[in-house]
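User: I have a model open and want to go through its packing. Can you take me through some contacts?

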Amino acid sequence: MHLPEFLPWQTGIASQWLGNKERFSHAWIIHGIPGIGKLKFAHAAATGLLCESSRDGMACGHCESCGWVKSGNHPDLRMVLPDAIAVKEGFATAPENEEESGSKKNLSQDIRIEQVRQLEKLFNVSTHRGGYRVIVLYPAESLNAASSNALLKVLEEPPENTIFLLVTHSIQRLLPTLLSRCRRLALPVPETALSLAWLQKNGLEDGQVWLAATGGAPLSALAFSQSDYEPVKYWLSAFGDKLAHREMPNLDKMAELLEKVPAKQWLDSLQRFVFDINLNRYGQTSRYFPALGKNVSTIASNMAVDKISQLLKWLAEQQRIADHPLNARLFIISTLQRVALSCISKS
């Protein structure tokens with residue numbers, strides 16, 4: 001393993017934030033949009049907090065503590081993630097025999113109460129060399145009711161020399177009582193120039209297009225560019241073309257395509273698509289999918305402002321239940337049908 005490092009747009013924030021450990025809070029909520037590197041930030045921050053020779057919060061990379069982090073076996077660092085995300089992010093391995101152990105899709109998407117309770121064993125022993133211990137929880141919104149309450153009890157009487165870093169994409173989904181016991185650190189969307197330079201360094205030349213599609217999130221932009229399910233080419237262009245001609249898309253065919261994509265992902269693309277329609281309705285250019293500009297402009301001219309607003313609100317509600325649809329195919333068809341009817345019916 002490599003030593004976790006801050007991304008180029010994170011170093012200034014990290015140095016300022018970590019610069020004064022003596023006044024550092026015992027619990028932080030690190031929040032921002034998906035795809036800007038919040039987990040990388042928290043992991044690198046934990047490494048800096050644990051480092052025995054850090055400078056301005058940055059890990060030295062040479063001390064024994066940094067060596068333990070590199071090996072993935074630091075006794076005072078815990079990465080608490082849902083099983084499915086731990087496998088995806090490389091903090092755990094998938095079951096060797098998926099037929100016997102269950103597929104990756106069946107791995108838990110929640111931070112379970114057992115994971116929080118297991119931390120209690122850690123709190124009963126002193127930290128190595130009298131330093132910090134750091135607990136990173138990601139994403140914090142995946143704490144269920146039981147695990148949230150278990151964590152809340154810990155934060156009410158925090159263990160000595162222990163720092164909690166709760167990383168979230170959706171701070172509004174956390175319990176108010178949990179929010180009240182943590183300080184907050186907002187990570188902004190990186191400056192475009194920094195993102196483009198990083199994307200180019202990682203082999204993506206037309207980074208501007210992908211950044212637009214992801215709202216300026218460089219990690220999401222890179223992932224999208226490498227995905228077979230990039231939304232514009234995969235399904236959104238054909239969907240938008242039908243709507244622009246006031247025709248109902250083949251929803252069965254669309255469902256067949258989107259069943260291969262996580263619900264939150266295609267829903268996010270759909271929300272951005274409708275947001276672009278809203279911008280065009282007010283005479284502005286598309287923000288997320290400029291390649292679809294002509295069709296989006298045509299759709300916008302056929303829709304009333306209040307209908308677009310209602311559709312955006314409704315899609316936000318669907319996003320909240322996207323993780324647990326009773327029937328995935330039916331959820332796709334009903335969602336696309338609602339959007340299509342809103343776009344092609346006369347205002």
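User: What does Phe239 touch, not counting residues up to four places away in sequence?
Analyst: Phe239 touches Pro249, Met254, Leu270, Phe273, Leu336, Val339 and Ala340, where contact means heavy atoms within 4.5 Å. This is a predicted model, so local features need pLDDT of at least 70, side-chain atom pairs count only at pLDDT 80 or more, and totals for chains, interfaces and linings use all residues. Residues are numbered from 1 along each chain as its sequence is written, and side-chain values use heavy atoms, with hydrogens and water left out.

User: Which residues touch the most other members of the largest nonpolar core?
Analyst: Trp235, Phe239, Trp266, Leu270, Phe273, Ile277 and Leu336, out of 40 residues in that core. A nonpolar core is a set of buried Ala, Val, Leu, Ile, Met, Phe, Trp, Tyr and Cys residues joined through side-chain atoms within 4.5 Å; buried means under 20% relative accessible area, exposed over 50%, partly exposed in between (1.4 Å probe, protein chains only).

User: Which element gives the most to it?
Analyst: α18, with 8 residues. Helices are DSSP runs of H or I, at least four residues, and strands are E runs of at least two, numbered from the N terminus.

User: Switching topic. Is Thr162 buried or exposed?
Analyst: Thr162 counts as buried because its relative accessibility is 3%. Thr162 is found in strand β4, residues 162-168.

User: And what is Thr162 in contact with?
Analyst: Leaving aside neighbours within four places in sequence, Thr162 contacts His26, Phe123, Arg133 and Ile135.
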